[in-house]
Amino acid sequence: MTVASGPALRVAGAALTTLAAGFVLGLAVGRSTAPRGLGLEPGLSAWNAATAAALGLDDRQREELRILLHHYARERDALLAEQLETADEPWRELDRRFETLFLQRILREDQRRRAQELLTRGGPAVAPTLRGG
């Protein structure tokens, strides 16, 4: 039995699912609990200011652009969350392929056994996907 078909697969799957769920939840909670009127995220705020200055927007236009950018950011974040949900399985498959190649083509037999031991104990130096990087 290889690490890719044993505990590593279960740990990697659970870790990636938890990461994706935490990211989506963080976006949702952050958006819903942020006080109104705090402004836009830095990238959109800079674009808003530069565009307003370059085009000479009046106060009404600036406010309408700010509102439009808030809606844009919310819809963009929703699309990102949706894409993260659909990307979960392809990411797990990529992790499985990487881990299999690493274990079977790079490591010697003694190193594979050591990797299995580290993984069983929760060691940090087994696979980048299991430590989040």
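Contact here means heavy atoms within 4.5 Å. The views show a predicted model, in which local features need pLDDT of at least 70, side-chain atom pairs count only at pLDDT 80 or more, and totals for chains, interfaces and linings use all residues. Residues are numbered from 1 along each chain as its sequence is written, and side-chain values use heavy atoms, with hydrogens and water left out.

View A. Beyond its neighbours within four places in sequence, Asn-48 is in contact with Leu-40, Leu-65, Arg-66 and Leu-69.

**View B. The largest nonpolar core.** Leu-40, Leu-44, Ala-52, Leu-57, Leu-65, Leu-69 and Ala-73 make up this core of 7 residues. A nonpolar core is a set of buried Ala, Val, Leu, Ile, Met, Phe, Trp, Tyr and Cys residues joined through side-chain atoms within 4.5 Å. At least two of the core residues come from each of H2 and helix H3 (59–106). H3 gives the most, with 3 residues.

**View C. The buried face of helix H4.** Ala-115, Leu-118 and Leu-119 are the buried residues of H4. Down the helix axis they fall within an arc of 100°, so they line one face of H4; the arc is that of the directions from the helix axis to the C-beta atoms. Thr-120 and Arg-121 are exposed on the other side of H4. Gly-122, with a positive phi near 85°, follows H4.

How values were computed. Buried < 20%, exposed > 50% of the residue type's maximum accessible area, 1.4 Å probe, protein only. Helix = DSSP H or I, 4+ residues; strand = E, 2+ residues; numbered from the N terminus.
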